[in-house]
Amino acid sequence: MDVNAKLDRIVILTGAGISAESGIDTFRAAGGLWEQHRVEDVATPEGFARDPDLVLNFYDMRRAALANVVPNPAHEALARLEREFSGDLLLVTQNVDDLHERGGSARVLHMHGELKSALCASCETRTRWEAPMLDRPPCPVCRVPSLRPDVVWFGEMPYEMDRIYRAIESCDLFVSIGTSGAVYPAAGFVQEARRAGARCLELNLDYSEGSRCFHETRLGPASELVPRWVADVLGG
Ligand code: BV8
């Protein structure tokens with residue numbers, strides 16, 4: 001099937017794999033983030049309540065590490081698609097890094113939040129944030145020292161789910177890039193897209209848990225597959 005046939009609306013979902021070649025650890029690769037820390041300890045509200053210093057330090061380290069990495073050609077290709085594609089494009093990322101933005105994408109939906117955002121547990125304000133949180137800085141709005149990473153943990157509701165489902169319901173093409181398909185509700189988006197009649201394309205280094213749901217899976221590094229796919233869409 002020609003996944004790039006007549007295209008008016010594209011929804012893209014990215015995961016840790018699109019940032020892997022920039023040097024950011026994925027979650028489930030050998031030596032990845034979840035090998036160094038149990039998910040339950042660092043990516044759940046219960047883990048945060050149990051040991052806030054461990055969790056704040058885990059995210060402080062990841063936020064600081066952003067200064068040492070740069071976007072790769074896959075991020076830059078999606079920014080080119082945003083600039084040059086004449087139809088509707090929604091870029092949804094599960095990633096909490098800022099590489100899509102630094103690669104030139106202006107409209108990015110971070111469904112799992114962002115390292116460079118702080119959420120106040122007292123007044124629920126979300127604030128752009130670059131500094132550590134381990135030293136309990138006061139919330140810029142209510143001044144209470146109750147900031148947490150503005151990141152969606154397991155058991156918490158991802159952001160803008162209604163907007164995402166509306167876009168999936170009406171898209172011609174759903175493209176998944178660099179994700180294992182291990183975490184819901186993101187892992188279920190491809191089923192929603194198929195139900196809505198969209199063509200579904202997967203660009204990934206390996207087969208994922210959702211590969212059987214895609215019309216086409218292309219295996220390889222994102223820095224090669226994504227620029228080639230974008231050139232095909234824009235040239236087509
Ligand atoms: C929720 C932020 C509902 C934190 C993350 C069924 C339905 C709904 C929910 C559930 C369900 N079953 C279970 C649940 C609960 C749970 C869940 O899914 N659990 C799993 C373990 C089964 N889901 C949740 O809790 C979610 N919330 O459902 O709320 C609700 C309802 C009512 C009331 C309240 C709530 C919230 C989940 C969000 C968790 N937060 N991240 C942080 O970053 O620290 S999850 C994290 O892992 C990522 O954000 C991502 O979403 C997920 C998967 O990671 P990937 O990005 O895919 O990375 P991974 O390492 O796994 O894979 C990398 C891939 O890249 C690989 O395939 C690899 O081959 C590829 N790759 C590597 N290199 C390259 C490459 N590809 C291309 N090029 C390369 N170079």
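Me: Where is Pro185 found?
Reply: Pro185 sits in the loop between strand 7 (173-177) and helix 9 (189-195); helices (H or I, at least four residues) and strands (E, at least two) are DSSP runs numbered from the N terminus. This is a predicted model, in which local features need pLDDT of at least 70 and side-chain atom pairs count only at pLDDT 80 or more, while totals for chains, interfaces and linings use all residues. Residues are numbered from 1 along each chain as its sequence is written, and side-chain values use heavy atoms, with hydrogens and water left out.

Me: And is the peptide bond from Tyr184 to Pro185 cis or trans?
Reply: The bond is cis, with omega near 0 degrees.

Me: Turning to the ligand, how many residues surround it, and which are the closest?
Reply: The ligand is surrounded by 34 residues, counted when one of their heavy atoms lies within 4 Å of the molecule. The closest are Arg28, Arg62, Gln94, Thr179 and Ser180.

Me: What lies 2.6 Å from an oxygen atom of the ligand?
Reply: That is a polar side-chain atom of Arg28. A polar contact here is a pair of N or O atoms within 3.5 Å. An N or O atom in the side chain of His112 is 2.9 Å from a ligand oxygen atom, and a polar backbone atom of Leu205 is 3.2 Å from a ligand nitrogen atom.

Key: A polar contact is a pair of N or O atoms within 3.5 Å; within protein, one must be able to donate a hydrogen and the other to accept it, and residues adjacent in sequence count only if both atoms are side-chain atoms.
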